[in-house]
Amino acid sequence: MAPAHHQAAAATTVTTQDIRRAQRADGPATVLAIATANPETRRSQDEYADFYFRVTKSEHLPQLKEKLERIYVDKFYINTVELYAMYNFILESHYKLLYLFWDSLQSSNFENFLQIRKPHQGKKSGIENRYTYVNDEVMKAHPEFSDRKLPSLDARVEIASNAVPELAAAAASMAIAEWGRPATDITHLIFSTYSDLKAPSSDRRLASLLGLRHTVCRTILSLHGCYGGCRALQLAKELAENNRGARVLVACSEISLIAFYGPEEGCTDTDTLVAHALFGDGSGAVIVGADPVDAVERPLFEMAFASQTTVPDSEGAITVQHKKGGMEYHIARGLPEMLAGNIKRCLADAFGAIGVAARWKDLFWAVHPGGRRILDLIEEALGLDNGAMAASRQVLREYGNMSGSTVIFVLNELRRRRQVLREYGNMSGSTVIFVLNDWGALMAFGPGITAETILLRVASGLKGN
Ligand SMILES: CC(C)(COP(=O)(O)OP(=O)(O)OC[C@H]1O[C@@H](n2cnc3c(N)ncnc32)[C@H](O)[C@@H]1OP(=O)(O)O)[C@@H](O)C(=O)NCCC(=O)NCCSC(=O)/C=C/c1ccc(O)cc1
């Protein structure tokens, strides 16, 4: 230890400003790895109503089943699927060509040409599949989950306290493997979930499951709902830029078990049906740090700016409350219109703060796909090209709305598309240009109504070869 007079000398020459400057990173917070995971059970949207009414013993309520189907199935598409099956039978040898032709009839969207996929029944909600923790086995063990008048919160919380961090660990361990550095190099952990209600919470358990260092700084975010993932990324940006060398693991894990129950007889509140038509389960993990280490870390997206806007007069538009029979939602009917009506203001707040004027058409978009109508109306309000929200629509189609985790899936999908296009080159004309734009906006919405925006720039790890 230095003698006392040396310590005094050091104290006079080093200012707190110097210390602060040394703590700060040089570059912007950067996404260094992304991964996602889902529970095992995958359910197609067309079989969901049968499953839901069967396991909740609600088959005596056919009008409500019909209503659920009305929320997510466009009857026109059922007919076209049948027609399609007939064509396919007759023209088996022209299988792929027919898909292309069929998709081209349905949409002028360039993405459909790339994917060669089947037309689907979940057109109205934009969802084809969802992954859910709840399955026949869970419902057999806990028949009380069917009826929200029965006390079941204890059992839900107990299950979630294991399932939520375990699902997060599945995504986080893949993100760490992609990142290429040891888990013990993680300095901060931010965990966002609406599904876990116990302390010590999922952040503590995840740190143990991954073998993070015991000095890792943990933060748990709760009940931000669908903007939880974006909020966590914004905090990660602050931590990474203000702590030189920090490596922040963002984990977001949602299982809708906490809000799974049957419809009520004579039910006029369609919130239950809307939630059960849209919500799925999944986890996402992102590693964020500034000043990437050359040849070790691969910078994917730089986070240039982040902001939050509260939409005026919107406090009651999305609400959740934990009750003895599980979490209850309210999602206002006019929510898509409310978001679309405020979207330009949210973006103007974000871009105005950094003095940048952007043409919305020039950006790439990673928008939380809360529901198909939300994406449609935002696209329209911003005058975006058909296809600008392709990554969000793809995630909605394959996984549904996984609340806060969903934007991480969208970011991963954008990265995947970027990599494919880098590998195969610019395949055709002008439609690809928006995909190749370097600047983009990541946006998510949730209770408040709160709108979060992060301005992103594609980083060197996704450019060139
Ligand atoms: C797929 C929808 C639901 C229906 O498609 P559509 O093209 O509007 O179809 P329709 O106009 O024919 O509507 C079909 C039926 O759905 C009904 N409906 C249409 N929205 C509604 C409605 N919000 N209510 C209750 N009935 C409705 C509508 O009234 C109609 O019923 P009916 O007249 O009996 O045929 C579409 O409106 C849509 O995507 N809506 C947006 C869904 C939405 O608000 N998503 C955001 C969810 S909130 C969120 O993401 C975060 C939640 C959260 C998570 C965790 C937390 O901790 C906290 C918060």
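Modeller: First, a term: helices (H or I, at least four residues) and strands (E, at least two) are DSSP runs, numbered from the N terminus. This is a predicted model, where local features need pLDDT of at least 70, side-chain atom pairs count only at pLDDT 80 or more, and totals for chains, interfaces and linings use all residues. Residues are numbered from 1 along each chain as its sequence is written, and side-chain values use heavy atoms, with hydrogens and water left out.

Biologist: Where is Thr 309 placed?

Modeller: Thr 309 is in strand β8, residues 301-310.

Biologist: Buried or exposed?

Modeller: Thr 309 is buried, at 6% relative accessible area. Buried means under 20%, exposed over 50%, partly exposed in between (1.4 Å probe, protein chains only).

Biologist: Which side chain does its side chain make a polar contact with?

Modeller: Asp 349, at 3.4 Å. A polar contact is a pair of N or O atoms within 3.5 Å; within protein, one must be able to donate a hydrogen and the other to accept it, and residues adjacent in sequence count only if both atoms are side-chain atoms.

Biologist: New topic. How many aromatic pairs are there in the whole structure?

Modeller: The search finds nine. Rings of Phe, Tyr and Trp (its six-membered ring) pair if their centres lie within 6.5 Å; planes under 30 degrees apart count as stacked, over 60 as edge-to-face and the rest as tilted.

Biologist: Why is the Tyr 48 and Tyr 52 pair stacked?

Modeller: Their planes are at 15°, with ring centres 6.0 Å apart, so the pair counts as stacked. Both residues sit in helix α3 (45-55), four residues apart, about one turn of the helix.

Biologist: Which aromatic cluster holds Tyr 48?

Modeller: One formed by Tyr 48, Phe 51, Tyr 52, Phe 53 and Phe 260.
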